[in-house]
Number of protein chains: 2
Amino acid sequence: MEPKMQRKILEYLKARPDFVSGQELSRQLGVSRATVWKYVRELRGHGYRISAGTHRGYRLDASPDRLFAWEIQAGLQARNFGRAVFCHEELASSMDEAFRLAEAGAGEGTLVTAECQRRGRGRLGRTWVSPRGKGLYLSLVLRPEMPPLHAARLTFVAAVAVCETVRESCGLEAGIKWPNDILIRGKKAAGILTEMNAETDRVHFVVVGLGLNVNTALSRLPPLSTSLRAEAGRKFSRTELVRDILWRMETWYGRLCGGDFDGVARRWKELSLTLGRTVRVADGGRVTEGKAVDLSPEGALVVLTGEGDLVRMMSGDVALLD
Amino acid sequence: MEPKMQRKILEYLKARPDFVSGQELSRQLGVSRATVWKYVRELRGHGYRISAGTHRGYRLDASPDRLFAWEIQAGLQARNFGRAVFCHEELASSMDEAFRLAEAGAGEGTLVTAECQRRGRGRLGRTWVSPRGKGLYLSLVLRPEMPPLHAARLTFVAAVAVCETVRESCGLEAGIKWPNDILIRGKKAAGILTEMNAETDRVHFVVVGLGLNVNTALSRLPPLSTSLRAEAGRKFSRTELVRDILWRMETWYGRLCGGDFDGVARRWKELSLTLGRTVRVADGGRVTEGKAVDLSPEGALVVLTGEGDLVRMMSGDVALLD
């Protein structure tokens, strides 16, 4: 099914609370009435509730709570991010699928979403719990010209974009916990995963993955996790959230690629829950305690220890101690 | 066809210049005489010339000049590198195939070879000319625990191993030109390509690729290239070279993973054709001239310019000016 035609039919139906005649749709779309009917049946197959009456035409009664390329792309402000969108009912992992597409040549801004994931991945080989239809599980293909050393900056771009979306579109007090978590009232609502295919001195492509608990019930989530719904007491449109995140990511990514990493880092620091706090960072067997004082250009957390040493942590798990 | 059985049959045939009876082979291998005959026919299909006579048995008259898993693995000193070997007649690129296997879970030391490549890759998206049956075009899957920043060290490991092989097994005066070329008398005989799949702070897997011009005629190669055969005036066994390279790579890789990067770097510097020379390094639009004075722990070439600045080049093309 061609996403463009679905988008057009839905645009007409959504613009009109009452029936639209098959003749009018046929004329507007430049296809036969039989073809209109075929598309309507396909949309019904995707879960759209569409009334049809002889001499009256079609009326959209309800849209399914599911991500579709034509829904995301309708009204998308981002120009490049989301230009190609692949929405799946179920994937092992949206990261794997985005890697597969990127290896086959998929362009920058290609988006992969899944309603649920069988093996959703987090950082360091961990699992991202991905119950069906309740969260955003998405991966975005990027092709920045940068050395692998700078790829962590894309985690900051994504973290800033997601955090701003949760704050400004959902009205929730979200912040960023280094390196890749979005927290609301101390509990994890989203995680970001940045993976790359690279030579030693240049990136071929990067896939930025996001897991965001949107309408998920707390009973479905691991301890110390939360969802937007649990925090706000209401449901959110996942489609609108995707559009908002894509647009904000594209904007911050543009600044990064334009050379303004400082601007990205400054915003990250404003949104950071980690800087200025007393932290314990566990990186493999090594544990460092001290005050988190800065973010390095490579994305390391700079910790000032009790002995007065500045330690740069590139990896690890952070516990906030105060 | 099971590589192990092929290896066993060939071991018996190679150990005996004269005929070996089908009965003896059948007894030694624990299979029926019909099965022995089936394997012999399969070996013939691979290009082995095997005489067969009633009441006399089988005799190996000649082996094809082609890489086979059972040939590489017979007498392989390396324990882990080459444990799994996949030899292809033709591939788009051994790098792509090794990536595919690694993504599917292939273990450390998995080796992929090709008799020829349709789109053999070099560094920075360049082509590696890969004429059929004359060179080594191979890729090795590694799973080191290291950050992406250290992946360039694997290029050094491979360069040292290949350079030592060419010097010690072929008796040719080879040296290493930063970052990834093996030169003989100023001309390029081999190139190394290190690519990875990684998170921002840890490598998932690395594929180290090697293109080595072994028996290639100069007329088939780009300008300023050479082959072992052209330099030595004789042909070399590609199978033996693979075994030698795998063993040396495994040894140096073991030192690297054991924490002795200094030892690897020391050996690299001994074999370097770049250090101590006046160089011009072109990295994108940026050109730096000066004396190459050191190698940084991340693999950067440290250049002392005429103005007395120390410049670290992570990437680029080097011209030797003196």
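Colleague: How much area do chain A and chain B bury between them?

Modeller: Keep in mind that this is a predicted model. The size of an interface is often given as the accessible area lost when the parts come together. The contact takes 23 residues from chain A and 23 residues from chain B. Of the area buried between the two chains, 54% is on carbon and sulfur atoms, and the total is about 1800 Å².

Colleague: Which element gives the most to the side of chain A that touches chain B?

Modeller: Helix H5 (94–103), helix H6 (152–170) and strand S8 (187–199) of chain A each supply at least two residues of that side. The biggest giver, with seven residues, is S8(A).

Colleague: Let's turn to helix H1 of chain B. Within what arc do the buried residues of H1(B) fall?

Modeller: H1(B) runs over residues 3–15 and reaches 18 Å from its first C-alpha to its last, close to the 18 Å expected. Its buried residues are Met5(B), Gln6(B), Ile9(B), Leu10(B) and Leu13(B). Seen down the axis of H1(B), they line one face of the helix, because they fall within an arc of 130°.

Colleague: Which exposed residues sit on the face of H1(B) turned away from its buried side?

Modeller: On the buried side, the cover includes helix H2 (22–29), helix H3 (33–45), strand S1 (49–53), strand S2 (57–62) and helix H4 (69–73) of chain B. The face of H1(B) turned away from that side carries two exposed residues, Lys4(B) and Ala15(B).

Colleague: With which side chain does the side chain of Ser51(B) make a polar contact?

Modeller: Ser51(B) lies in strand S1 of chain B. Not counting residues up to four places away in sequence, Ser51(B) touches several residues, among them Phe19(B), Arg44(B) and Tyr58(B). The polar contact, at 2.4 Å, is with the side chain of Asp61(B).

Colleague: Is His55(B) buried or exposed?

Modeller: His55(B) is in the loop between S1 and S2 of chain B, and has a positive phi of about 70° although it is not a glycine. Most residues other than glycine have a negative phi, and most peptide bonds are trans. At 83% relative accessibility, against a cut-off of over 50%, His55(B) counts as exposed.

Colleague: Last one: what is omega for the peptide bond from Trp178(A) to Pro179(A)?

Modeller: Pro179(A) has its place in the loop between strand S6 (174–177) and strand S7 (181–184) of chain A. In chain B, the peptide bond from Trp178(B) to Pro179(B) is cis, with omega near -5°. The bond from Trp178(A) to Pro179(A) is cis too, with omega near -5°.

Note on methods:
Residues are numbered from 1 along each chain as its sequence is written. Chains are lettered from A and ligands numbered from 1 in the order in which they are written. This is a predicted model: local features need pLDDT of at least 70, side-chain atom pairs count only at pLDDT 80 or more; totals for chains, interfaces and linings use all residues. Side-chain values use heavy atoms; hydrogens and water are left out. Helices (H or I, at least four residues) and strands (E, at least two) are DSSP runs, numbered from the N terminus. The expected span of a helix is 1.5 Å times one less than its number of residues. Buried means under 20% relative accessible area, exposed over 50%, partly exposed in between (1.4 Å probe, protein chains only). The arc is that of the directions from the helix axis to the C-beta atoms. Contact means heavy atoms within 4.5 Å. Buried area is the accessible area (1.4 Å probe) that two parts lose on being put together, summed over both. A polar contact is a pair of N or O atoms within 3.5 Å; within protein, one must be able to donate a hydrogen and the other to accept it, and residues adjacent in sequence count only if both atoms are side-chain atoms.
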